[in-house]
Amino acid sequence: MALSEFLQHLVNMLVLGGTYALLGIGLTLIFGIMNVVNFTHGVLYTFGAYIMFIVVQQLGLNFFLALPVAVLAGWLLGAAIELTLLRPLRGSDIDTTMLVMIGAWIAMQSGTLWIWGGVAKSVTTPFPEAPLVLGPVSVSWLRLFVLAAAALLIVVTYLLINKTSLGRAMRATFQDHDTASLMGVNVDMIYTSTFAIGSSLAAAAGALLGPVYVIFPQMGDLAAVKAFAIVILGGLGNITGAVIGGFILALAEELGAGYVSSGYRDAMGFLIIIAVLIFKPTGLFARAERVG
Amino acid sequence: MTRALGLVGTIALATALFGGTAGAQTIKIGVNEPLTGAFAASGTYVVNGAKIAADEINAKGGVLGKKIELVIEDNKSNPTEAAAVAEKLITSDKVPVLMGAWGSSLTLAVMPKLMEYETPMVVETSSSGKITTTGNPFIFRISPPSAVEAAAFKGIVDKLALKKVDFLVINNDWGRGTAEDFSKMMKDKGITIGLVETMDQGAQDMSAQLSKIKSSDSETVIVTTAVDQLTLIFKQAAALGLKKRIITTGGSQNPDQIIAQAGAAANGTMHLTTFLPWFPDKTPNPEATNYFITEWKKRGFEFAGCTESFRGYDGIRTAAAAIEKAGKAEPAAIKAALWDINIKGLNGDIVFRKSGPEGKESGQSQPNVYLIEINDGKVEMKTL
Amino acid sequence: MRIVVTILAVAALASVPLWLRDPYLLNALITTGIFVIGAMSLNLLLGFTGQLSLGHIAFFGIGAYVSALTSLGFDVGLPGGFRVVHEPWPPIIGLVFAILAAGLCGYFVGLLSFRVRGAYFVIVTISFAEVVRLVALNWVELTQGPLALTNIPSIALPLPGFGELTLRTKMQNYYLVLVVALIAYLLIARLVRSHFGRAMRGLMENETLAVSVGIDVTRTLTLAAVISAAIAGAAGSLYAHYIRIIDPEVFAFINTVTMVIMVISGGKGSLAGPVVGGLIFGLLPVALRPVMAPEAQWIAYGGVLMAILFVLPRGIVPSLAQRLTKRRSSTAALALTETGIEERA
């Protein structure tokens, strides 16, 4: 009895952790490379979900086609935000850019409410409703698909950062943007690309999770808070760290809700953050020391 | 920039100062609802229902020979704003009666203002017991607090043969209140109470709570939350292979939205609800229900919103009836008249009974409560 | 010069209830004033030590809860079978306890701020506020959780020889908030200009140098955090006794964001900044309400915020002050060249 419950919690942790990891990597890229506390991350997540809704429900197109559309739309919106809001403020301190991002968050979230209203939307998926049952545990096919898609996106991002020339330039900018600039890296272009990639990952997470959950204007808020937690756990700019951080957060929440108290489920993540920052301020898997 | 801001400020100030004096040709009713923020969807539904009532009354000639005018303000799902909005409606717009404020904490924040300005308010949605028990004589509630719902459910539990139940409730006054009142009632009936699990208002993933419930030895789960989380719970419960009877409470379920969004996962679930838009003929006031539903559809709103919006419709009709009875649009007269009205609401007669400490009782109406079941994607009435 | 402006501003603010009869606007000014006090305390941390606390609402909320519980009383069980029963005390004592409790929490967060800086400190403070919110939400026996603490009494001032004066009217509460705001302002002003203030600024500008001239970093940051938190706690107490109901939503992130907007738009590190920014962003929603749809009001709110940061990136007060001095010095320079004296102004 107790064992089957524990196994079910572990399976839940696995599917939840994958989505958390996807949420975290987009944010950690922007945070680490650009030193921007990106408060629009949650809105981009919401945006991706609404793109999914438009493509599948309103245009009646294929579910699998909608995913790349959402990724592309997120990329374009991210690039637009970077070019109009962040580039003119380059060189301003972190507080100013952060507050501009807060302004964009408030305006865009209210825009979503204005356009689509507050009533939650849902997306029909091609997956069977009956779950996959493995002995005492069961899991829905849709969530398995989301887990696989998230894993694919994480691997693609990893390869992009570590195996391409764009990725090399991004890493150089992360280490020291002045030196990178001297060595001929177009730092402005790197920043725009970074923000666009991070945004497209957020939109992808929204497009994948929108159909799992329901889609409404404030859905991104909680997602963003979790993303911040994951980034801190993993260390700024550390993709591997964000992935592991995602799974740790999911595990803490599952076990916290299962064995402590469901009221404190969301507190688990925050308590971990506080503990990590007190005892290992640069994150659990920090590879670069950079504060502030 | 600064000048433009100043201009906006001046206009606002002017409107606020002088706006209230114009329009003596109409009778105003203040509507204090969440139109942005966490409860935006529900607040908007209630306002849409309120507008149908106002248009209907005006089409029939209004009250006391004047048209009624709804002054609708957004309380931003925020208690501080709800109090400020009440202040604005009463002092700037000079409304003699209010309707609001959806959530219990929003209503509780408005209550001191009602005392301060001695203006009555019709409470259409809030369920917290505190609203009618703390001695605020300006409160008239048409929605059932969870204790009333529990009492109504009492007659049904025997027929359902409940033995042990778990609770999964939203972590706010509504969910906590329901868990408390239903547990008390069920313990009296000899039913064992198992787990009481909560979920945060914005939470989207309840798998952890449901996994815990799956492993418990109860046969029934009572679920209390708004429609969006209910949909998620049904989907996630199905994904986890949770095979227990689910009964939802609270009357905010929108079963149609659940059927549309949760699909087969919703089959077999039961819901305690306060309005039956699917069976207009079985409601206490079939004529009004049919009118309301026709009008709702004509305006292009989603049918699923009916179970939320009807309270706005009833709330405004209650306020208008009280104004008519009072014979004048003044707060004290309306407050007195609210005790005397007896109108056929969409879910039963709206008659206020005294509740709370003696001498400063609040009014509480006793709406009907129904049990419905979803089968093969259709809503069925449970006749027990 | 500066003192004249300050006195005129205070006189103008003090005269408001005498000519503004609209209770709705007066109410908006009172709640704005309470948040301005919060913003001033945030400015002490953000503007003078450079540490951005995005969990500042925690101190405000703790102040609100402590003050409310002191004046309402409670009966709560603790682990080990102990019970703590507290009879209601006058709200004014609640205010004092609110200041002490918030200050104590500020002490712990201040200790933490020595270990983590910058973005990490931001996240720690957000987490702290969230944990406090979840405790307020789930410790139902003490805080009544989401059922909210209601019927919180208004503040009563003890008048020696005359009994008490319960502050019920808008005008009384307005002056109460104004007086507390003034005390907070003077306290911060005095602090900033003291030896301690120089230490704070030295620390912000160049920590290595500051340490080398013997500034005790931990002590300075901790003290700043304690005072900042204590003032925020006082603001929270005023809030609880004015609104008269509090629920865990008082800890909502948007409330912190409101204070941060007030500080940064007004000008961090400037004493008048949070007051000017606070009045603008506190009253902006009031101004927008009658002219546009609810959703559009929020869009405009976000838009105005972004616009101010683009046009006046250092904040309204410092940017305007700079422009003013520049104009004055350039006219002076012009006058000097006209009279033929060659001298750089």
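In the predicted model, 32 residues of chain B are in contact with 35 residues of chain A. Four elements of chain B each give two or more residues to the side that touches chain A. These are helix α2, strand β7 (192-199), helix α8 (207-214) and helix α9 (227-239). The largest share comes from α8(B), which supplies six residues. By residue class, the side of chain B that touches chain A holds 11 nonpolar, 14 polar and seven charged residues.

Chain B also contains an open sheet of seven strands. Their order is β2-β1-β3-β4-β5-β14-β13, and the pairing is mixed. Strands β2 (67-74) and β13 (353-355) of chain B form the edges. Each of these two strands pairs on one side only. From one strand to the next, the twist averages 25°.

Helix α2 of chain B, residues 40-59, packs on this sheet. The helix touches β1 (26-33), β2 and β3 (98-100) of chain B. Its direction makes about 170° with that of β2(B).

In one of the pairs, B:Ser355 has B:Ser362 of β14(B) as its bridge partner.

Note on methods: Residues numbered from 1 in each chain as written. Chains lettered and ligands numbered in written order. Predicted model: local features only at pLDDT ≥ 70, side-chain atom pairs only at ≥ 80, totals over all residues. Pairing = 2+ DSSP bridges. Axes fitted to C-alpha atoms, helices over the stretch in contact; angles between N-to-C directions. Contact = placed C-beta atoms within 7 Å. Nonpolar A, V, L, I, M, F, W, Y, C, P; charged D, E, K, R; others polar.
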